[in-house]
There are 2 protein chains.
Amino acid sequence: MTPPSSVLLTDLYQLTMLQAYVEHGMEAPAVFEFFVRKLPPQRAFLMTAGLDQALDFLETLRFAEWELDWLARSGRCSRSFVDYLAGLRFAGEVHAMPEGTICFPHEPLLRVTAPLPQAQLMETRLINLLHFQTMIASKAARLVLLAKGKPLIDFGLRRAHGEEAGLLAARASYLAGFAGSATVLAGARFGVPLYGTMAHSFIQAHEDEAAAFEHFAETHPGNVVLLLDTYDTEAAASKVVALAARLRHKGLTIAGVRLDSGDLADHARKVRHILDEGGLTETKIIVSGNIDESALRRLVESGAPIDTYAVGTHVTTSSDAPYLDCAYKLQEYAGRPRRKRSEGKATWPGRKQVYRQYGSDGRMASDLVTVADDPQEGEALLQPVMRAGRRLAPPGPCDAIRAKASADLARLPEPLRELRDGATYPVRISQALQDLAKAVDERR
Amino acid sequence: MTPPSSVLLTDLYQLTMLQAYVEHGMEAPAVFEFFVRKLPPQRAFLMTAGLDQALDFLETLRFAEWELDWLARSGRCSRSFVDYLAGLRFAGEVHAMPEGTICFPHEPLLRVTAPLPQAQLMETRLINLLHFQTMIASKAARLVLLAKGKPLIDFGLRRAHGEEAGLLAARASYLAGFAGSATVLAGARFGVPLYGTMAHSFIQAHEDEAAAFEHFAETHPGNVVLLLDTYDTEAAASKVVALAARLRHKGLTIAGVRLDSGDLADHARKVRHILDEGGLTETKIIVSGNIDESALRRLVESGAPIDTYAVGTHVTTSSDAPYLDCAYKLQEYAGRPRRKRSEGKATWPGRKQVYRQYGSDGRMASDLVTVADDPQEGEALLQPVMRAGRRLAPPGPCDAIRAKASADLARLPEPLRELRDGATYPVRISQALQDLAKAVDERR
C-alpha cells in the first residue's frame, strides 16, 4: 500500500564506489555488519527494530526506468554501468537479531554477506531504516518500563520527522510495548490499535463546550472520549457529568476524558473526584502534553488516578537522544577479515556472533561478542533471516515481536529495568576476536 | 516521481471530529493558523521551509479506493461519512510566509481558510511537513552563518528519521544556504547539487590503500576526491601526492581529499602542508565527522586550511533541538474569532498578519503581529499563495528561495547573525490584537 522507496534514496558515493568496483572486477563476497558504536548518555540499553522494513528493502530493490534515465543523463555514470544497475538485485544472505531484542554497543545487529557491490549499495538505506526504528523502540521501551503496566499511546505523528518517521515510530513504539497509536496509517499498514480523542478546535468551533461534548457523543456513541482543558478543566468535568446523566437514558456512557495542560496529576485528582461523585467511576482519565521519561516517572510515582498516558513528540523524535552513533562497516572481503583503524572509530574485524548468558534467576547476565565460528555457551543472538535475496520466513506478526520485546524487558537486570543512573551491562570481546584484530593489524 | 503520501497519514481524531462536523452541518468557513509557540533554548530565530510540500499536499489530497474501503471495514466511519470522504477535496485559501523567511514565535507562518472539515483534516500532515523543514532550515541557517562563506554539504541521510526526512532535510538545508547534499534523490527531485567522496569500506576492500585511490581515480577522472583517514591520515596524504605525479601524465588531477576523524584542524594543517609540498596546491580539503555548531565555530576560528565542511546527523536531525513547540490552531469559525485558553498554551485569536520593520541600516528592527485587517507600516510577511484549492503560482525554483533566505540572513540584527548567547528579537502584539483577545474572552 505504501510504494517502495526510490533506490536513489542513497548517498552519491555508493554509486561512485560501485562503478569503480564493477569496472575493476571487485565483486567477491563481502561481509558488512550494522552496529552501534556507543550509547547516548541517556541510554543503558537498546532494543532492535526495523528488520522487517530492511528485508523488504533488500528483497524489492531495483532501479526503475526513470532512475536509470536520470543517472544516464546526470553524466555521473557510464552507459555500461547504468546497464549493470538495470540488472542489479540483492542476492545475498542476511543474519540478524530478531526485532524486539535488547542489544548493546559493539554487537552486530545485522550482518550482510553478498558480492561487494550489492552489499555496499545497501548501506545508506539499511542504516536509515535500522537506525530509526531501533532508536524509537529503545526510547519507547524506557517509557514502557516507567509506566508500570499503565497503557501508553503514541500521539506524535505531527512532530515526527516526516511521513515515514511518523508511520514507523508508531510501529516501533508498538513493538516495544505501547498499547497503540493515533496514526491511522499505522493501523491500516501494521494493525497497530488506534486511539484518538478530539482536538481543542472541536470545542472552540462550537459556541458552547457542552454542546461540543454532546455532538461528539451522538456521532461516536461507542467511544466517547472528551477533551477537558480548552477553557477550564474542572468546569468541563462537571459538564461531562451532566451530559452523562442525559446520555444514560439512551444507554450511552462516557468512555474517557483527556487532560492536556497544567499540572496533570492535580487535575487528574480533581477530575477523578468530580467524575466519581457524578457516578462516572468507569470513565477513564487519559493525559497528554509534553510527557517524557521524567514527567512520566513523576506522574506514576504521584499515584495520580491516571489510566492512560499519551506520549507525542518525545517518543517519535526520541527527543533526548535523536540519533544513535551507529555504522555499517566492511568486516571481510574476499575471505579476509578487514578493519578500519580511524582514530576513535576502530572496528572489530571479521564476521561475528553475540552470545547472551543468563543468570540462575533467568535475568540477562552478560554478552560475549566473538567470531562467528567460535561456538559458546548461551543464546546466539544473530540468526539467518535471508538467503539468496529471499526471506527465510514471511514477516512475523507484530504480536510475536511484542511478546519477544516484553520477555527481553522482563529479563533485563534490575538496575537497567529501573533506568537507574549509571547502570551498565557487561559486554565482553572474546579472546578469539581480539586475536583476530591483532592479526589483521599485523598483516598490513 | 515520489508518490503522494496516504491521506491516512493523519491522527484518528481528525476523522472522528470530521464525522461529527459533517453530521451536525458544521461546514462554515474556519480559519486555522500554524505558528511556533516558543523557541527551543538553542534558537534565537527560525527560517520557514516546507510550504511547497504543504501546498502539494493540499492540492492533491483525496481518498484512494483502498483507503475508503479500509475505513468502511474498520467500523469507525458511517457509510454516509465514507461517501463524503470520497468526494472530499481541499478548496480553501492559504496565506503564508514565503519559504526562506526568518520568523519568530507567535507569528503565523501559514493561514488556512476553508470549510471547517477541510481545514481540520489537514492539521496533522500540514504540521508534519511545515514543522520538519522549518526546523531543519533553522538549524542549517545557523551553520551557514558560522561557516563564514565556506561551503557546507549535507551528508546526513543515513541517520535522518526515515526516507522523507532524509530527502526533505537535503532540500531544507539547501534552501537555507548549504551548497548541496550527498542524497542522490534530492538531486533528482529538487535539483540539489550532489557531492560525494568514498567510504572507508572502499579503501578496506582493497589490499592496498594506494591501489584503492588509483582505482577510484581511473573510474572517476573528472572528480577524484579521496578519503584519507582509514589507517593513517598523513601517510595517506603522501600516497595522494605520489598518485598525483603518476596521474599528471594522463592529464588528471586530484580534486579533493576528505578527513573524517581525529583532530580535524590539526590533520588539515598537516595534510595541506604535504599536499602543497607535493605541488597539489589546488586540491581541496573536505572535513566531516560529528560537526555541529560548536565544532564548526572552532574549526573556522582556528583558521585551519579547510575548504568544505560536510555536516551529517546534526543537521538532518536538528540534534540539539529535534522538535519545535508548534501548533495549528482554530482562530476563527463562522466569522467569529476563537481562542484556546489552556494553561500555558493560550493562543491569540482571529486571522492575523505580521509586519516587519527595518532600520535605517536595512537590518530587521522589529515585528508586529496584528489582526489581518489592520494595515501597518513595514513589510507584510503573509501573502496569498492558494485560492479555491489551487496554487496562485507554480512552485518557485530553489534558487529563488535560496536568494530570499540569504537576503533575510543578511538582514538579521548582528547579535542574532553571530549566534550570540541570549540574543533576542522584538516581536510585539498589537493593541488591536490584545483588544480582540479580551473581547473573545468576555464573550464566553
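In chain B, four strands make an open sheet of mixed pairing, in the order β16-β14-β15-β19. Strands pair here if DSSP finds at least two bridges between them. Strands (E, at least two residues) and helices (H or I, at least four) are DSSP runs, numbered from the N terminus. The edges belong to β16 (379-380) and β19 (427-429) of chain B; each has a single partner strand, so one side of each lacks a neighbour in the sheet.

This is a predicted model: local features need pLDDT of at least 70, side-chain atom pairs count only at pLDDT 80 or more, and totals for chains, interfaces and linings use all residues. Residues are numbered from 1 along each chain as its sequence is written, while chains are lettered from A and ligands numbered from 1 in the order in which they are written.

Strand β15 (residues 364-371) of chain B runs parallel to β19(B), joined by three bridges. Here B:L368 stands opposite B:R428. Helix α17 (residues 431-443) of chain B lies across β14 (352-358), β15 and β19 of chain B, at about 35° to β15(B). Angles run from 0 to 180 degrees between N-to-C directions, with axes fitted to C-alpha atoms, for helices over the stretch in contact.

Strands β8 (residues 225-227) and β9 (residues 256-259) of chain B pair in the parallel sense over three bridges. B:V225 faces B:G256 across this pair. Between them the chain passes through helix α11 (residues 233-248) of chain B, in a right-handed β-α-β crossover. Right-handed means that, with the strands pointing away from the viewer, the path from the first strand over the helix to the second runs clockwise. Four bridges then join β9(B) to the parallel strand β10 (residues 284-287) of chain B. B:L259 stands opposite B:V287. This crossover, through helix α12 (residues 264-277) of chain B, is right-handed too.

Chain A is divided into domain 1 (12-137 + 321-443) and domain 2 (139-316), with bounds from an automatic or database domain assignment. Their C-alpha centres lie 38 Å apart. The contact takes 18 residues from domain 1 and 21 residues from domain 2 of chain A; contact means C-beta atoms, placed from the backbone, within 7 Å. On the domain 1 side, α15(A) gives the most, with six residues.

Finally, the two chains. A rotation of 180° with 0.0 Å of shift along its axis superposes chain A on chain B (RMSD 0.0 Å). That is the relation of a two-fold axis. The superposition is by least squares on the C-alpha atoms of residues with pLDDT of at least 70 in both copies.

Terms used: Contact = placed C-beta atoms within 7 Å.
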